[in-house]
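Here's a quick tour of the model, grouped by topic. Have the structure open and follow along.

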Amino acid sequence: MKDNARVTVDFNYMMEKSLGSKGIKDCELNALAPKAAEAFEYVKKNRGRDDLFMGWTELPYNQNEIISDILETAEKIRKKFKYFVVLGIGGSALGPIMVFNALKHLHYNELPEEKRGGPKFYVEDNVDPVRMQALLDVIEPEKTCFNVISKSGATSETMAQYLIIADVLKKKGVFLPDNVIFTTDASRGNLIKIDQSFGGKIKKYVLPDGVGGRFSEMCPVGLLPAAVLGIDVKEMLAGAAYMDKLCSGKSIENNPALACAVLQYITMKQGKNINVLMPYSDNLKLMADWYCQLWAESLGKAVDYDGNTVNAGTTPVKSLGVTDQHSQVQLYIEGPYDKIITFISVEKYACEMPIAHGCEDIPDVGFLGGHTMQELIQAENKATAYALMRAGRMNYTIKMPEVTAHTLGQLMYMLELQTAYAGALLNIDTYNQPGVENGKKATFALLGKKGYEEQKKEMDSAPALDNRYIV
Ligand code: PA5
């Protein structure tokens, strides 16, 4: 691996040297070194443990066998189907759509077939009826491969989508196993039962036992959709493994993920409770969505491992450079000191776009001619980081040499490790999501699912709404 293909982190603008009294002192970093080493050891010691939901750490190494099968299936799908639709939500959707956005043409579905080289691609992660209808308006169900992704097979959103699609296929006279693939738990869950009702004929991929949804992009959840798109999934996993090696040190000088976790932890302790991720790349726009789920669901926890009420976590915010310079950056520079901004910069964009000469007599416009869009976006990225620093606002930059399957694998794995270290620093369970589960149960109750009668009663007897507060 050439060093120039390596994702790096520059946190100069977090430090006292740049920010004066608003910055972090070297002695503060040094004081945290033992705690950081402990967090590192915790993650290292528990790598791959299914019972702790840490199976994700090994995905860059243990997916080889399944990849041959995935590549073979993907090839068949590319030949046979005009459309590929992912039905899933949360961890089952954000990874596939993020990788699609990062590595494929930004108007992929609008490209002519010969330029696309594969089926049109959709990820349906909501139960908005308008969106479902919109999908049905643009696909031909009999020419569509539906990948239903759900670990539990009990997520109302995904299963509602499944029921609608199953009915549509039936009405078209399509034998469901010909057009549907399940990605789910190895042996439990409703998708297994559904498959049994079709005589075990539905093609299935396993979402491994010890891997939670938000850490699942590097197993069949993400690998099958990516392979269908013709993305080099082996390179993606190689990038993740490479980052794993770069993060094998227990001090922040030789572990970029640990460095980011420590920076986030320090700012959390200072009461900065907003964590903005701002990629300067349209290809990485959805990386911010993926990261928001990873961070929010992993770290937003009421109690720590010792049973103390901690209400941990910082609020992740997605932002896009340069677009949000004209929307949010004013607040970042002059609003409350409650944020830390992480930029993702790209050194070489997938293509170059020269800015033509013109309007020489209008200096406000003419100066742009002869530059390139890459120069402009990079200058705006540097200028925003600099302006924030000058205003005493903490920010750091993750540098991507270019956006490739390899660097994307590096970035994903680094952010996953950062989240794991941050959870260990906070002494919380990074891998559960009791809050989400409670919402799921309340939905079951409202829709009359058997077994949730008590909860329904409780919800019905909640204090009556007061009409004065409805305007
Ligand atoms: O990260 C997670 O665990 C969640 O976001 C899940 O992925 C999401 O709730 C969907 O669950 P399931 O895969 O069981 O349908």
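Contact here means heavy atoms within 4.5 Å, and helices (H or I, at least four residues) and strands (E, at least two) are DSSP runs numbered from the N terminus. This is a predicted model, where local features need pLDDT of at least 70, side-chain atom pairs count only at pLDDT 80 or more, and totals for chains, interfaces and linings use all residues. Residues are numbered from 1 along each chain as its sequence is written, and side-chain values use heavy atoms, with hydrogens and water left out.

- What covers the buried residues of H4? The cover includes strands S2 (83-87), S4 (144-149), S5 (180-184) and S6 (203-206), along with helices H11 (220-228) and H12 (233-246).
- The buried residues in H4 are Ile67, Ile70, Thr73, Ala74 and Ile77; buried means under 20% relative accessible area, exposed over 50%, and partly exposed in between (1.4 Å probe, protein chains only).
- Looking down the axis of H4, those buried residues fall within an arc of 135°, so they line one face of the helix; the arc is that of the directions from the helix axis to the C-beta atoms.
- Over on the other side of H4, Glu65, Glu72, Lys76, Lys79 and Lys80 are exposed.
- The length of H4 checks out too: its 17 residues (64-80) should span 24 Å at 1.5 Å a residue, and the end C-alpha atoms are 25 Å apart, which agrees. The expected span is 1.5 Å times one less than the number of residues.

**Aromatic pairs**

- A search of the whole structure turns up twelve aromatic pairs. Rings of Phe, Tyr and Trp (its six-membered ring) pair if their centres lie within 6.5 Å; planes under 30 degrees apart count as stacked, over 60 as edge-to-face and the rest as tilted.
- Take Phe100 and Tyr108: the ring centres are 5.5 Å apart and the planes are at 90°, so this pair is edge-to-face. Phe100 counts as buried at 13% relative accessibility, and Tyr108 is buried at 2%.
- Phe175 and Phe198 are edge-to-face as well, with ring centres 6.2 Å apart and planes at 65°. Phe175 lies in the loop between helix H8 (156-171) and helix H9 (176-179), and Phe198 in the loop between helix H10 (190-197) and S6, so the pair ties together parts that are 23 residues apart in sequence.
- Buried or exposed, or partly exposed: which is Phe175? Phe175 is partly exposed, at 41% relative accessibility, and Phe198 is partly exposed at 26%.
- Trp56, Phe215, Tyr413 and Tyr431 are linked into a cluster by ring pairs.

**Charges over rings**

- The charged end of Arg393 sits over the ring of Tyr337, 3.6 Å from its centre. For this, NZ of Lys or CZ of Arg must be within 6 Å of the ring centre and within 35 degrees of the ring normal.
- Lys449 lies over the face of Phe444, 3.8 Å from the ring centre.

- The peptide bond from Gly321 to Val322 is cis, with omega near -5°. Val322 lies in the loop between strand S8 (315-318) and helix H15 (329-334).
- Cys359 isn't a glycine, yet has a positive phi of about 50°. Cys359 lies in the loop between strand S9 (339-348) and helix H16 (363-366) and is partly exposed at 40% relative accessibility.
- Asn427 isn't a glycine either, and has a positive phi of about 60°. Asn427 is in the loop between helix H18 (405-426) and helix H19 (434-446).

**Two residues at 0%**

- Thr419 lies in helix H18 and is buried, with a relative accessible area of 0%. The side chain of Thr419 reaches the backbone oxygen of Leu415 at 2.7 Å.
- Not counting residues up to four places away in sequence, Thr419 touches Phe215, Leu294, Trp295, Ser298, Leu299 and Thr430.
- Ile398, in strand S10 (residues 395-402), is buried at 0% relative accessibility.
- Ile398 and Asp10 are 388 residues apart in sequence, but their C-alpha atoms are 6.4 Å apart in space.
- Leaving aside neighbours within four places in sequence, the contacts of Ile398 include Val7, Thr8, Val9, Phe343 and Leu411.

Note on methods:
A polar contact is a pair of N or O atoms within 3.5 Å; within protein, one must be able to donate a hydrogen and the other to accept it, and residues adjacent in sequence count only if both atoms are side-chain atoms.
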